[in-house]
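Have the viewer open while you read.

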Amino acid sequence: PGRLDAELKDADPRAVIAAVKARGLLTSCFFCAFDHARLVAVHRHCREAPLMIRRQDIPSVDPACAELPAHIVEFDLRDDLSEIEAVRARGPRAMVAYLGRALKVFDDLIDTRPDLLNLHFPFLFRVHLATRRGVS
């Protein structure tokens, strides 16, 4: 899972699940929400739905796999990125979200080697990564 991010804001979780299933995209997406209760609702209505849980919404990385079956745990720069390996050891992929454009932070993200990135400036990141690798 992970090519399509189904972010639940105000929509009914059942309706979103139905729309995703109707298009045959359940195995190509993950569900996320700022409201953790919405993820619980998704899981209650569709046990096989891949979930992305924000690190900030859970007290430790252990419940990330216990309370709900996280497929992805999303960190941001306020989180302890050293926990990424502990998350991976339990099965989920680790994602880091960054909404800025500082090249130094991009370098730090590259060095951290998360499984996924959630970037506000993905094209700038791609150019920076290519430059860093010496590719034009």
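The buried residues of α1 are covered by, among others, β1 (4-8), β2 (29-33) and α2 (36-45). Contact here means heavy atoms within 4.5 Å, and helices (H or I, at least four residues) and strands (E, at least two) are DSSP runs numbered from the N terminus. Bear in mind that this is a predicted model: local features need pLDDT of at least 70, side-chain atom pairs count only at pLDDT 80 or more, and totals for chains, interfaces and linings use all residues. Residues are numbered from 1 along each chain as its sequence is written, and side-chain values use heavy atoms, with hydrogens and water left out.

- P13, V16, I17 and V20 are the buried residues in α1, which spans residues 13-22; buried means under 20% relative accessible area, exposed over 50%, and partly exposed in between (1.4 Å probe, protein chains only).
- Those four cover an arc of only 100° around the axis, so they sit on the same side of α1; the arc is that of the directions from the helix axis to the C-beta atoms.
- On the face turned away from that buried side, α1 carries the exposed residues R14 and A22.
- After α1 comes G24, with a positive phi near 70°.

**α1 against α2**

- The two axes come within 9 Å and cross at roughly 55°, which makes α1 oblique to α2.
- Axes are lines fitted to C-alpha atoms, for helices over the stretch in contact, and angles run from 0 to 180 degrees between N-to-C directions.
- Angles under 35 degrees count as roughly parallel, over 145 as roughly antiparallel, 65 to 115 as roughly perpendicular, and the rest as oblique.
- The crossing of α1 past α2 is right-handed, that is, the near helix is turned clockwise from the far one by less than a right angle.
- From α1, P13, R14 and I17 meet R38, A41, V42 and H45 of α2.
- P13 is buried, at a relative accessible area of 10%, and leaving aside neighbours within four places in sequence, P13 is in contact with L8, R38, A41 and V42.
- P13 and A41 are 28 residues apart in sequence, yet 6.6 Å apart in space, C-alpha to C-alpha.

**The nonpolar cores**

- Which residues touch the most other members of the largest nonpolar core? They are F31, L39, V42, F75 and L109, out of 33 residues.
- A nonpolar core is a set of buried Ala, Val, Leu, Ile, Met, Phe, Trp, Tyr and Cys residues joined through side-chain atoms within 4.5 Å.
- Helix α5 (residues 103-112) gives the largest share of this core, with four residues.
- Another core lies apart from it and has six residues, including F30, M52, M95 and L116.
- Beyond its neighbours within four places in sequence, F75 is in contact with R55, D80, L81, E83, I84, V87, A94, M95, V96 and A97.

- V105, F106, L109 and I110 are buried in α5, and they cover an arc of only 145° around the axis, which puts them on the same side of α5.
- The cover over these buried residues includes β5 (93-98), β6 and α6 (122-133).
- K104 and D111 are exposed on the face of α5 turned away from its buried side, with K104 at a relative accessible area of 55%.
- The axes of α5 and α6 come within 10 Å and cross at roughly 70°, so the two helices are roughly perpendicular to each other.
- L103, F106, D107, I110 and D111 of α5 meet L124, F125, H128, L129 and R132 of α6.

- R113 sits in the loop between α5 and β6 (116-119). R113 is not a glycine, although its phi is positive at about 60°, and it is exposed, with a relative accessible area of 63%.
- For context, most residues other than glycine have a negative phi.
- V61, in helix α3 (residues 61-66), is buried at a relative accessible area of 9%.
- Not counting residues up to four places away in sequence, V61 touches R55, E83, A86, V87 and R90.
- V61 and E83 are 22 residues apart in sequence and 7.4 Å apart in space, C-alpha to C-alpha.
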